[in-house]
Amino acid sequence: MGDKKLITICQTGGEFMTNKDGSLSYNGGDAHAIDIDNETRFEDYLLELAGMWNYSPETMTMKYILPGHGKTLITVSNDKDLKRMISFHENSTTADVFVITRDVIHHDVSNMPASRSSRTTISEAVVPIDDTPVDGIIINSAEPDPVFEAPLQSISPNQPPAIAMTAASAAKHHRAVEWENTITGVDQRFTNVHEFREALRKYSIAHGFAYKFIKNDSHRVTVKCKSEGCPWRLHASRLSTTQLFCIKKVSGVHTCDGSTLTSGYQATTNWVAGIVKEKLRESSNYKPKDIVTDIKRDFGIELNYSQAWRAKEIARDQLQGSYKEAYNQLPYFCEKIKETNPGSHATYSTKEDSSFHRLFVAFHASLQGFEQGCRPLLFLDSTPLNSKYQGTLLSATAADGDDGVFPVAFAIVDAETDDNWRWFLLELRSSVTTSQITFVADMQKGLSESIPEVFGDAKHSYCLRYLTESFKRDLKTQFSNEVKRLLVADLHSAAYATRYEEFQRSHESIKGISPEAYNWVHHNKPEQWATVFFQGARYNHMTANFGEMFYQWVSEAHELPITQMVDVIRRKMMELIYTRRVDSNQWSSSDRLTPSAEQKLRNDILKAQSFRVDYDHIFPPDNNKFEVRGDTYSEKVDIGQKCDCSCRAWKLSGLPCSHAIACMLYTGKDVYAYCSRYFTTESYRLTYSQSINPVPNEDTPTKIDSSEGAVLITPPPARRTPGRPKQRVQDLDKRKLQCSNCKGFGHNKSTCKSV
């Protein structure tokens, strides 16, 4: 919305009416206009409204009708709510805000809430307030029915405040104010016993007392106030020959102070779920601890963490569908993916007990993009899922011509095991036709054996990030953090070295610190990760962290059932492909390379102008072999069939190095003709030429009938327990306790036995 002002039409004193279509309208009352923007603070806005009508801020509640959904009233109670209201009205110049006030009762006076002959409507919940004080009290000006009415009476300060706690509690816990008249007295009728119990629960919360059942069955319910000595009691029973439930008797007046409601006795998980559902719809990150805080603030009820967690699970199931049923929908979901995206690969498997095992998805647009425009290079990575049934996401990603992440395929498996990785590779092999792929992946999890077994001549480069973690983990009990930092620096130098002498120098440096670390490097196959030995084409990509994009996507969707989680990933991939296609179509027609490749080439062209080029004297002058001299070094360059330079940068990256460019400029050759096709704008556009289509969820079977021969897929046995999920932590290296006396680990000087 920027700096745009939103004019709020603030109304009070009227009443809500329900139209024939179920939408709400507000009639009567007084109105004022106040302009606000994103900088407006809720507290300032509330105080301005309070001063306008001479209201007390603590008795005020602000609501607005959700745009486009005229049947929903939204409460504004803090800065976040106010900003959200402004955001919802970004396409409007005005917004209607309704101010509702609650009765204020002096602590020295008590009254019994008047009963009505029918249940409270929304208009009755916002009856205008008469500001005429009566003996220091502001009371509702609506005429009460004579039934179940208790007169005002004065009491001494030392006397229990009787039902005076009702209005005080309502003022404090404003969201319960609309429930004050859910129980109105004798002869009030309800559709069934369940409706009566729910009304009783809301009534007790609104009036701040807890109750216990004396009798409780489908025919009759008798309850009394749980507070010791409080005489309040209520009896209701079913009307004969009907399902209607009717209040038959209400006796006594509350003399308790509401302290019995501090626990979640009256708040069932289903009730809490109904309360938090709307907030969970707005924010999937609504945490159980926030639910505990909000229920305490709004209703005065204290929940424990487990109650809040279970309520959130119920609300989420109601909003998003059952987690269990989502697994049953996998056969249908896979068929829909292949139907709406022809050429895609989507399959699943179950265990012997029909529980979910794994799901593989590769969209046709991704497979075609990889084969037509990307380098034959795939990054394998995994991401733990913090979903209800845990599991792991396995991913295969590629690098486009601009070195952006390009998703190729992914799988959701019950656990990250050697067998599941091998299955993922088999499914990937049946999906792609590109041969001689280079993989960058972990050296563990069975990948060292599975990759050559499944892909034949494929090259496997150990991911330098995982290699470093393994290096530090194997040596961490022997060295301080400073020593490990030096060892890791030498390890990286050895990995990036392009000449054998450079690798050997770094290797010897490690040996100078630790012979054991030196042996570790030697025994962990340098030919699988050191640049000087590796035979595959990595294009200077040493790590598999391209999978971090999947981690970001899944972190937004990990709370969803499996089919919805996959659809969120599909939507993210669809948006990524579409956005990059649109962006590349706006590139200049004269651009022959992608922006990052073009920038690198231009930098090397500038650098090449300082070199001196001579024909290599060992060969005849027309053989395309040159010697390029800098200030302190010289390189051998072949711009003929080999297309190579002794610095190896050309071969490693796919783009001519500055030495090769100097030779091309010297002979008048086109530098762009020597660039790998994978960096051209044409290849980039081919990568993103296909589209991922939506997967409709209409006609999704909600229940699968096993009698028809369908397989009933159950969730995996592993289930997330309540509580905060573990965060994904990488390269964590905690400092070990070291003795300053003997230099040993695990103790300090004061407990050293060598003293």
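The points below are grouped by topic.

This is a predicted model, in which local features need pLDDT of at least 70 and side-chain atom pairs count only at pLDDT 80 or more, while totals for chains, interfaces and linings use all residues. Residues are numbered from 1 along each chain as its sequence is written, and side-chain values use heavy atoms, with hydrogens and water left out.

**Helix 14**
- Helices (H or I, at least four residues) and strands (E, at least two) are DSSP runs numbered from the N terminus.
- The buried residues of helix 14 (buried meaning under 20% relative accessible area, with a 1.4 Å probe and protein chains only) are Lys484, Leu487, Val488, Asp490, Leu491, Ala494 and Ala495.
- These residues cover an arc of only 160° around the axis, which puts them on the same side of helix 14; the arc is that of the directions from the helix axis to the C-beta atoms.

**Nonpolar cores**
- A nonpolar core is a set of buried Ala, Val, Leu, Ile, Met, Phe, Trp, Tyr and Cys residues joined through side-chain atoms within 4.5 Å.
- The largest nonpolar core has 102 residues, and Leu380 and Phe424 are among those with the most contacts inside it.
- A second, separate core of 23 residues includes Leu464, Phe471, Tyr518 and Ala530.
- Phe424 is also among the buried residues of helix 11.

**Asp638**
- Asp638 lies in strand 26 (residues 634-638), and it counts as buried because its relative accessibility is 9%.
- Beyond its neighbours within four places in sequence, Asp638 is in contact (heavy atoms within 4.5 Å) with Asn624, Lys625, Cys643, Asp644 and Trp650.

Terms used: Buried means under 20% relative accessible area, exposed over 50%, partly exposed in between (1.4 Å probe, protein chains only).
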